[in-house]
Amino acid sequence: MTLVTATKRSGGRAGRAGRAGRPAQRPAQRTLDHGAWFLVLPALIPILLLSAGPLLYGIALAFTDAQSGRTRATQWIGTLNFQDLLHDTLFWESFRIGLLWAVGVTVPEFLLALGLALLLNQNLRFRWLARALAIIPWAMPEVVVGIMWRLVYNPDAGILNETVRDLGLGDGRDWLTGLATALPAVILVGIWAGMPQTTVALLAGLQNTPRELHEAAALDGAGAWRRFRTVTWPALKPVALAITALNLIWNFNSFALVYVLTSGGPGGRTRLPMLFAYEEAFRYGQFGYAAAMGCVMVAVVSLLLAFHLVARLKGGEER
């Protein structure tokens, strides 16, 4: 009895000592938290200065009448820029063209990249060389890609028109200045330039799929299409959704490639929303109005991101 009582008392003292000793560890925890913030700051400061700061400034600028070359002070005009934007048919036409461009590039780009990734995932000879060649367009700056394809589309000495003439299909045409051909020609360049990035992402997803699953499906008599539908695609679906959402956002915000190819012409047939905002700001000096356009585009991109995140969360709950 005495031994049990002594044990309980010693255990009680040890428990009280342990509880009493816990507050002594809190300063160390606070020091660890401060150290973590100190490590994050070098990456956080550039984001705040170069991303969050300009974004907030642009949103504030959208509610002003800021213009270039003005002698009087900029004034706060509230939502007047957004009201004018609602009735600006040219902007909404550029918005429609931007959606056509984004979808027209993203969907074929994904399908072609998926086929190329499946091919590069096979055990082929010189596979390393094929993979290296496949990512060359991704390594090229957009300005260089635009200049190169302007030479390809050149109406007089471009390789495309020369091929058309050699095949006896006609005298060729001016692809980038034709009202009917400008947007399809630019979309083709966008697909060519963006396909390598999508291919690399899908190839990484394919390589993470266990080969044992394919072998087991093959032993069960499943054909190539059935193996793709039941084994490959379920494992690849999260990567496919992520890269497709990112491609839609990147393509909708495209600027350099289309600017080098057509500068928004002919007749505004390739004027994407980003090009329209650029012209309003730096050609016509309407900084406040251009900032309002930027806010609308940020809102659209935010909605796309929200839909993507909701789809990913629902997919995670179903799994």
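Begin by selecting Phe 38, Leu 39, Leu 41, Ile 45, Leu 49 and Leu 50, which form a nonpolar surface patch of about 700 Å². A patch is built from residues with over 30% relative accessible area and no salt bridge; like charges are joined within 9 Å, and nonpolar side chains (Val, Leu, Ile, Met, Phe, Trp, Tyr) within 5 Å. Accessible areas come from the Shrake-Rupley method with a 1.4 Å probe, and for residues only the protein chains shown count as cover. Ile 45 belongs to helix H2 (residues 26–61). Helices (H or I, at least four residues) and strands (E, at least two) are DSSP runs, numbered from the N terminus. Ile 45 counts as partly exposed because its relative accessibility is 42%; buried means under 20% relative accessible area, exposed over 50%, and partly exposed in between (1.4 Å probe, protein chains only).

This is a predicted model, in which local features need pLDDT of at least 70 and side-chain atom pairs count only at pLDDT 80 or more, whereas totals for chains, interfaces and linings use all residues. Residues are numbered from 1 along each chain as its sequence is written, and side-chain values use heavy atoms, with hydrogens and water left out.

**The whole chain**

Of its 319 residues, 31% are buried. The accessible surface comes to about 20000 Å², and carbon and sulfur atoms hold 66% of it. Among contacts (heavy atoms within 4.5 Å) with a separation of 6 or more, 65% join residues 24 or more positions apart.

**The nonpolar cores**

Select Leu 85, Phe 91, Phe 95, Phe 252 and Met 293. These residues have the most contacts inside the largest nonpolar core, which has 20 residues. Helices H4, H11 (224–252), H13 (273–282) and H14 (287–318) each supply at least two residues of this core, and H14 gives the most, with nine. A nonpolar core is a set of buried Ala, Val, Leu, Ile, Met, Phe, Trp, Tyr and Cys residues joined through side-chain atoms within 4.5 Å.

Centre the view on Leu 85. Beyond its neighbours within four places in sequence, Leu 85 is in contact with Phe 91, Trp 92, Tyr 289, Ala 292, Met 293 and Val 296.

**Helix H13**

Move to H13, where seven of the ten residues are buried, so the helix is largely enclosed by the rest of the structure. The buried residues are Pro 273, Leu 275, Phe 276, Ala 277, Glu 279, Glu 280 and Ala 281. Glu 279, with a relative accessible area of 9%, forms a salt bridge with Arg 271, and their closest N and O atoms are 3.3 Å apart. A salt bridge is a side-chain nitrogen of Lys or Arg within 4 Å of a carboxyl oxygen of Asp or Glu.

**The other salt bridges**

By this rule the count comes to three salt bridges. Select Arg 96 and Glu 93, whose closest N and O atoms are 2.6 Å apart. These two are three residues apart in helix H4 (residues 89–120), so about one helical turn separates them. Then select Glu 162 and Arg 165, which meet in a salt bridge at 3.4 Å, N to O. They are likewise three residues apart, in helix H8 (residues 159–166). An α-helix has 3.6 residues a turn, so residues three or four places apart point the same way.

**Aromatic rings**

The structure holds 17 aromatic pairs. Trp 149 and Trp 192 form one that is edge-to-face, at 5.7 Å centre to centre and 65 degrees between the planes. This pair links distant parts of the chain, with Trp 149 in helix H7 (residues 142–152) and Trp 192 in helix H9 (residues 182–207), 43 residues apart. Rings of Phe, Tyr and Trp (its six-membered ring) pair if their centres lie within 6.5 Å; planes under 30 degrees apart count as stacked, over 60 as edge-to-face and the rest as tilted. Trp 149 is buried, at 13%, whereas Trp 192 is partly exposed, at 28%.

Finally, select Phe 91, Trp 92, Phe 95, Phe 252 and Phe 276, which form one aromatic cluster.
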